[in-house]
Amino acid sequence: MQFNSLYFILMFLPVVLAVHVLVSRSSKKAGDLLLLAASFFFYGTQNLWYLLFLLISITVNYLLVLGIQKKRGAKGHGAGAAKVLFVLSLVFNIGFLGYFKYTGFFLENWNAASGGNVSIPDILLPIGISFYTFSEIAFLADVYRGQAWTEGISLADFALYAAYFPKILQGPIALPRDLVPQIRDREGKRVDAREAAIGVQMFVLGLSKKVLLADVFGKAADWGFQYLVLNTTGEMLLTMVSYTFQIYFDFSGYSDMAIGVSKLFGYALLPNFDSPYQAVSVTDFWRRWHISLTSFLREYVYFPLGGSRKGTARTYLNILIVFLVSGIWHGANWTFVLWGVLHGLCQMAERAGKPILQKIPVVIRRIVTFLVVSYLWLLFRSADLAEFKRVCWHLFIDRHFTINGDFLSVFRLPGIRNLMKVLHLGLSDYAVSALSAGIYVGVAIVLCNAFPNTNRRTYRFGRGTLVILAVLFYICLLSLTGVSTFVYNNF
């Protein structure tokens, strides 16, 4: 079940919301137990094996939580035992994630390096495992550090924190300090009409990003990579732009929907995006893109490594380690590793050249940052380094700027040919497709640069807003001929 499926929109969400409203009237705890049951059901519809692995992860981690809490306050050997248990928790979670996500990658490279022929097992990769594993690691780290919000937590509350359905598949990665106090507040506020209305608006806007923009740009990016051997420089540039906007509208759309749905149940998930394509540097980009992952890496990797407190060389090394972890977290492929390293190197260069960079006009820095990020997205999208090498050849060496008409037709707007006739514009099919592509790219540029992110919008509640939302929602429902996969489902 996906957020952009008719089953979720028209059945699961309305039923769970209605029952939650009724149950929560007696007690918030009853409402939370319903949310936990709904979360397990939601996740189990993906695959029952996924649910089993999730339950194992929750159970083992909760037992480790109890063990660390018991030993942490003890003196002498007890304090050492707490550290051992915490290290054991890291080994378990990293090993758990590593087995499912990286076994094949490790064995492939082992065979390539050693000339061996170790068989590679076909291991099922549970959806969302990277997200809920990082959430559990964050909780265990806070337990070990003695943070107040972790004290005496029940199994049900811990399970809801890990499995809460609005965020389990693709985040935002909820840090314990943000979500756990809300779960444990038994006198938590009831959902008011204003928050519910904002939640509905966020969900519809997020769904619109996914269905009306991301899916179209996704088809274009798929076309570009499918016919990579035949591409020209012009087609590769359009492919780069298409994937740049696909991954943004896809992932930010999902995050908007997750935050909006969560508001309907009275929980606040933190924003995950803040107009990242308005960034003036790669460093600034990571303050705005996938904020929950950046926050996790900063708090649980960068700071424990020493942050910027141990000299320039160590700071640069810590930055590189953080983005190496980020790259590996995104996927089991050398393309992700290199992507993470290059983002780290960009930030090191920006840190070293900060006095010079600050003298460059903001508009130029913004354009350059957008181009650098977009180029690195091609590495992120490539199936392997050989494919990325081919991408680079088309971008920098081919030098042919024609674009295939079939490629442009992916963008073709419904009814645009009839509109051209009404306007007495005798455009060819190629010109109509090119115009459609220009409209899509232009709209994407405007939305990314002229409007605030969904979390910063000023929400209105008049009739005009209601009509616009209703029309957008209706168009989205009509466009849901199939359930397209979200990009970050793979991570």
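Reader: What is the handedness of the crossing where α3 passes α6?
Author: Right-handed: α3 passes α6 that way, the term being used when the near helix is turned clockwise from the far one by less than a right angle, and left-handed when anticlockwise. The model is predicted, so local features need pLDDT of at least 70 and side-chain atom pairs count only at pLDDT 80 or more, while totals for chains, interfaces and linings use all residues. Residues are numbered from 1 along each chain as its sequence is written, and side-chain values use heavy atoms, with hydrogens and water left out.

Reader: What makes α3 oblique to α6?
Author: Helix α3 (residues 48–72) and helix α6 (residues 155–163) pack at about 130°, their axes 10 Å apart. Angles under 35 degrees are roughly parallel, over 145 roughly antiparallel, 65 to 115 roughly perpendicular and the rest oblique, so α3 is oblique to α6.

Reader: Which residues of α3 and α6 make the contact?
Author: With contact meaning heavy atoms within 4.5 Å, they are L54, I58, N61, Y62 and V65 of α3 and L155, F158, A159, A162 and A163 of α6.

Reader: Why are α12 and α13 called oblique?
Author: The axes of α12 (residues 291–302) and α13 (residues 312–330) come within 11 Å and cross at roughly 130°. The two helices are therefore oblique to each other, and their crossing is right-handed.

Reader: How do you know that the end-to-end distance of α9 agrees with its 34 residues?
Author: At 1.5 Å a residue (times one less than the number of residues), α9 (residues 193–226) should span 50 Å, and its end C-alpha atoms are 47 Å apart, which agrees.

Reader: Where does α9 bend?
Author: At A214, by about 40°, the angle between axes fitted to the seven residues ending there and the seven starting there.

Definitions and conventions:
Axes fitted to C-alpha atoms, helices over the stretch in contact; angles between N-to-C directions. Helix = DSSP H or I, 4+ residues; strand = E, 2+ residues; numbered from the N terminus.
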